[in-house]
Amino acid sequence: MRVSDYFLPTLKDNPSDAQIASHRLMLRAGLIRQMASGIYSWLPLGLKVLKNIENIIRSELEKSGAVEILMPTIQPADLWRESGRYDAYGPEMLRMKDRHNRDMLYGPTNEEMITDIFRGTVRSYKKLPHILYHMQWKFRDEIRPRFGVMRGREFLMKDAYSFDIDEEKARYSYQKMMVTYLRIFARLGLTAIPMRAETGPIGGDLSHEFHVLAPTGESAVYFDRAFYNIKSLYDENPEFDHIESVYKEVTKYYATADEQYDEDEFFSRVSEENRVIGRGIEIGHIFYLGTKYSSAMDAIVIAPDSQEVPVHMGCYGIGVSRMVGALIEASHDEKGIIWHKDIAPFHIGLINLRQGNEATDAACEKLYQACINAGLTVLYHDTDDRAGAKFADIDLTGLPYQLIVGPKGAEQNMAEVKIRATNEKREISVDNVVDILRGEIL
């Protein structure tokens with residue numbers, strides 16, 4: 001994509017109302033624009049990042065056997081009355097009436113709706129287990145929206161729901177989703193720590209939040225540093241044949257956020273050199289629900305003994321739009337965002353240092369087409385802006401690789417490659433550079 005044809009409204013100065021790095025950089029880099037308090041439009045660059053995160057989540061969920069559906073944003077209130085949550089949920093729920101005076105709501109979550117779908121379609125234990133998921137926009141009327149997409153009112157959520165015949169099998173589904181989540185976050189370039197958590201209004205008796213360390217995190221977190229030594233258990237094993245042993249290893253380390261922190265337990269279980277006390281950003285949350293919703297809403301199946309039993313459920317959420325902010329909080333510098341190559345909006349920022357110069361124009365056109373033909377995504381800064389402004393834009397937007405061509409290099413058939421994360425620079429022949437970058441990126 002050529003910058004001259006692209007919608008890229010970058011800002012030079014920090015917005016006065018942006019309190020944390022991710023909010024400032026998302027506004028400055030032209031990823032989002034605020035439409036109302038806690039409600040944002042996603043501009044082309046931000047939307048590309050969202051889609052890339054979605055695709056990674058989708059591929060890992062499908063490896064686990066989860067099946068994608070899509071549920072509506074507007075839900076009938078009667079479903080929530082069945083579960084008993086309509087009046088209990090609180091003012092965060094946006095309630096409304098349709099033209100026939102029926103109570104409706106903008107969904108903050110989907111336990112009731114997925115239970116209704118299940119009970120209308122599955123009647124036998126032979127059809128179990130099932131894990132269904134979707135990615136959908138949700139709304140929770142936060143009393144104090146802040147920190148940009150980190151604590152907004154409208155947000156994109158991936159939520160999944162498991163259905164099993166009994167508690168043993170449901171807990172296995174829970175374990176499988178924990179391992180799947182760890183693999184998702186690893187592919188996004190994050191080490192997320194699963195921490196014991198309260199179940200809150202969702203329900204159930206088993207829950208873990210996934211946190212990444214960041215100074216701007218909203219929660220105090222306490223965990224055992226030894227957790228970092230087991231990444232290969234879930235990151236490198238491509239099969240789902242050791243779920244229970246991996247789960248047991250992952251959860252044996254002390255890890256909790258402030259709500260469940262016990263100082264005596266922390267100091268007795270974790271050696272002094274392994275104690276980590278910091279701030280965490282929550283990027284995922286999983287729950288074992290038991291029969292909370294299935295019993296209330298008659299989601300029953302015929303068991304092997306011909307008896308009717310309520311199914312055991314779990315639910316599993318990832319804040320996809322929130323994830324963008326968390327990734328920036330974890331990876332940025334004074335110049336701007338630093339994207340992991342698998343989620344960056346473009347792999348390469350191509351910079352023409354002398355637009356209008358015959359040699360640089362020809363070299364850049366050659367590289368631009370070669371990148372596209374090689375399957376690499378490239379943002380070509382082809383405007384007549386000053387070189388410093390072009391570098392500032394490409395640094396700000398965080399593209400993993402910069403491909404730079406000036407008059408001298410063009411005459412010598414050479415291009416400069418810069419890696420955004422490390423500032424490493426190399427001079428490579430124009431004829432070879434695309435093949436080399438393709439090998440590093442794809």
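Which helix does proline 44 lie in? Select proline 44 in this predicted model: the residue lies in helix α2.

**Stop 1: proline 44**

Keep proline 44 selected and show what surrounds it. Leaving aside neighbours within four places in sequence, proline 44 is in contact with Tyr6 and Phe7. Next, pick the C-alpha atoms of proline 44 and isoleucine 32; the two residues are 12 apart along the chain, and these atoms are separated by 8.6 Å. Is proline 44 buried, partly exposed or exposed? Its relative accessibility is 28%, so proline 44 counts as partly exposed.

**Stop 2: helix α2**

Colour the buried residues of α2, which include Leu45, Val49, Leu50, Ile53 and Leu61. Among the buried residues are also Glu54, Arg58 and Glu60. Just after α2, select glycine 65, which takes a positive phi of about 100°.

**Stop 3: the nonpolar cores**

Now select Leu31, Ile53, Phe185, Ile283, Val324 and Trp339. Of the 84 residues in the largest nonpolar core, these six touch the most other members. Helix α5, residues 167-187, gives the most to this core, with 10 residues. Apart from this core lies another one of 27 residues, among them Leu79, Val122, Ile165 and Tyr293.

Go back to valine 324 and show its contacts. Leaving aside neighbours within four places in sequence, valine 324 is in contact with Met26, Leu31, Trp42, Val49, Leu50, Ile53 and Trp339. Val49, Leu50 and Ile53 are among the buried residues of α2.

**Stop 4: the cavities**

Rolling a probe the size of a water molecule over the atoms shows where empty space is left. How many cavities of 30 Å³ or more does the structure hold? There are four. About 60 Å³ of space lies in the largest cavity. To find the largest cavity, select its lining: Gly38, Ile39, Tyr40, Trp42, Trp137, Val149, Gly152, Glu154, Phe155 and Ser321. The elements that give two or more residues to this lining are β2 (39-42) and β8 (154-164). Strand β2 gives the most, with three residues. By class, the lining of the largest cavity has six nonpolar, three polar and one charged residues.

**Stop 5: the largest pocket**

The largest pocket has a volume of about 1200 Å³. Select Arg140, Arg151, Glu209, Glu282 and His285, which are the closest to the pocket's centre of the 44 residues that line it. Which element gives the largest share of the lining of the largest pocket? Strand β13 does, with six residues. The lining of this pocket divides into 16 nonpolar, 13 polar and 15 charged residues.

**Stop 6: backbone exceptions**

Most residues other than glycine have a negative phi, and most peptide bonds are trans. Select leucine 128 and proline 129: the peptide bond between them is cis, with omega near 0°. Proline 129 is found in the loop between α4 (111-119) and β7 (130-139).

Move to serine 306, in the loop between β14 (300-302) and β15 (308-310). Phi of serine 306 is near 70°, a positive value, and the residue counts as exposed because its relative accessibility is 56%.

End at asparagine 423, in the loop between β22 (414-419) and β23 (425-429). Phi of asparagine 423 is near 65°, also positive. Asparagine 423 is partly exposed, with a relative accessible area of 38%.

Technical notes
Residues numbered from 1 in each chain as written. Predicted model: local features only at pLDDT ≥ 70, side-chain atom pairs only at ≥ 80, totals over all residues. Heavy atoms only, no water. 1 Å grid on protein atoms, 1.4 Å probe; cavity = no way out; pocket = protein on both sides within 12 Å on 5 of 7 lines; lining within 4 Å. Points joined across faces, edges and corners; volume = space filled by probe spheres on them. Helix = DSSP H or I, 4+ residues; strand = E, 2+ residues; numbered from the N terminus. Nonpolar A, V, L, I, M, F, W, Y, C, P; charged D, E, K, R; others polar. Buried < 20%, exposed > 50% of the residue type's maximum accessible area, 1.4 Å probe, protein only. Core = buried A, V, L, I, M, F, W, Y, C linked by side-chain atoms within 4.5 Å. Contact = heavy atoms within 4.5 Å.
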